[in-house]
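Colleague: I would like to go through the terms used for this model and hear what each one rests on.

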Amino acid sequence: MLLENMSYVEVEAYLIEKDIVLVPLGSTEQHSPYGLIGTDFITAEAVAREVGKRLDILVAPTLCYGMSQHHMGFKGTVTLSPETMVSVARDIVVSFLDHGFKRIVFINGHGGNIEPVKTAFSQLKYENRKGIFEIISWFLLPEVQEVERDIFEDKNGYHATPSEVSITKLLRPEAFKTKPSEKKRITRNNVYFPLSREEFKQAYPDGRMESAPWLAKEKYGKLILEEAVRTVAHRVREIMKMKLL
Ligand SMILES: [Zn+2]
């Protein structure tokens, strides 16, 4: 059930039965020469929409921009400032609360979004807003990481991972016709976070973070996407059962 395809009359009818909405959240940022700039929102949207279909719940339009300042050393990256990201997350939640939604769940595809979104949740609770606000980052779920380890062993890394690249390869095969596939070295860095754009580029010159995106395959994408959908759906079902105070 996609919010973008509904009328307000249909949303009113939905709210009589249910009070949950999923909001896919990603980024527009470099994913090395091997991966798509849209990787994080493409994956988050795919997970959220399939979960929405299986649980028959509403999925809002995807937020395709996130907090990606550390990737700004690479062309094509677009970032919201940390303050803007907090405000955007807050305003999205407040809009849904105003209409009577009580469980707002961000399905997230990008690590940089987690802290600002959680800050927005804290701010909303400080303002005494009622409701359940959650962010589920599919790539951090232990069940998903186990599948990734089985397939890629210690080569998944932290950015431009063969896992996320496999999912986008499955979903957008055409876009990979122009991407490289040769192997490169994986350098392990012991760096601090957060990093500025210059520090990031110094530590990770081609935009990968200890990953081997050339290992990506559509068939792996299918397995990982299914595990992500299964696990996120389980978490969302738990959220639907939680008692509202
Ligand atoms: Zn990513």
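Colleague: At what angle do helix α3 and helix α4 pack, and how far apart are their axes?

Modeller: This is a predicted model. In it, α3 (residues 82–98) packs on α4 (residues 114–126) at about 55°, and the two axes are 8 Å apart.

Colleague: Why is α3 called oblique to α4?

Modeller: The angle is about 55°. Roughly parallel needs under 35 degrees and roughly perpendicular needs 65 to 115, so an angle between those ranges counts as oblique. Therefore α3 is oblique to α4. The crossing of α3 past α4 is right-handed.

Colleague: Which residues make the contact of α3 with α4?

Modeller: From α3 they are Pro 82, Met 85, Val 86, Ala 89, Arg 90, Val 93 and Val 94. From α4 they are Pro 116, Val 117, Thr 119, Ala 120, Phe 121, Gln 123 and Leu 124. Sorted by type, this contact has eleven nonpolar residues, two polar and one charged.

Colleague: What makes α2 roughly perpendicular to α6?

Modeller: The axes of α2 and α6 cross at roughly 70° and come within 9 Å. The range for roughly perpendicular is 65 to 115 degrees, so α2 counts as roughly perpendicular to α6. On the α2 side the contact is made by Thr 39, Asp 40, Ile 42, Thr 43 and Ala 46, and on the α6 side by Glu 164, Ile 167, Thr 168 and Leu 171. Four of the residues in this contact are nonpolar, three polar and two charged.

Colleague: How do you know that helix α6 is mostly covered?

Modeller: Seven of the ten residues of α6 (residues 162–171) are buried. They are Pro 162, Ser 163, Glu 164, Val 165, Ser 166, Ile 167 and Thr 168. These buried residues pack against α2 (39–55), α5 (142–152) and α8.

Colleague: Which residues coordinate the zinc ion?

Modeller: His 31 through NE2, Asp 40 through OD and Glu 164 through OE, at 1.9 to 2.3 Å. The cut-off for a donor here is within 2.8 Å of the metal, so atoms at such distances qualify. The donor residues follow the spacing H-x8-D-x123-E in sequence. Both His 31 and Asp 40 are buried.

Colleague: Why does Thr 231 count as buried?

Modeller: Its relative accessibility is 3%. Buried means under 20%, so Thr 231 falls in that class. Thr 231 lies in helix α8 (residues 218–241). Apart from neighbours within four places in sequence, Thr 231 is in contact with Leu 141 and Glu 143.

Technical notes
Residues numbered from 1 in each chain as written. Predicted model: local features only at pLDDT ≥ 70, side-chain atom pairs only at ≥ 80, totals over all residues. Heavy atoms only, no water. Donors = N, O, S within 2.8 Å, 3.2 Å for Na, K, Ca; no water. Buried < 20%, exposed > 50% of the residue type's maximum accessible area, 1.4 Å probe, protein only. Axes fitted to C-alpha atoms, helices over the stretch in contact; angles between N-to-C directions. Helix = DSSP H or I, 4+ residues; strand = E, 2+ residues; numbered from the N terminus. Parallel < 35°, antiparallel > 145°, perpendicular 65-115°, else oblique. Left-handed = near helix turned anticlockwise from the far one by under 90°. Contact = heavy atoms within 4.5 Å. Nonpolar A, V, L, I, M, F, W, Y, C, P; charged D, E, K, R; others polar.
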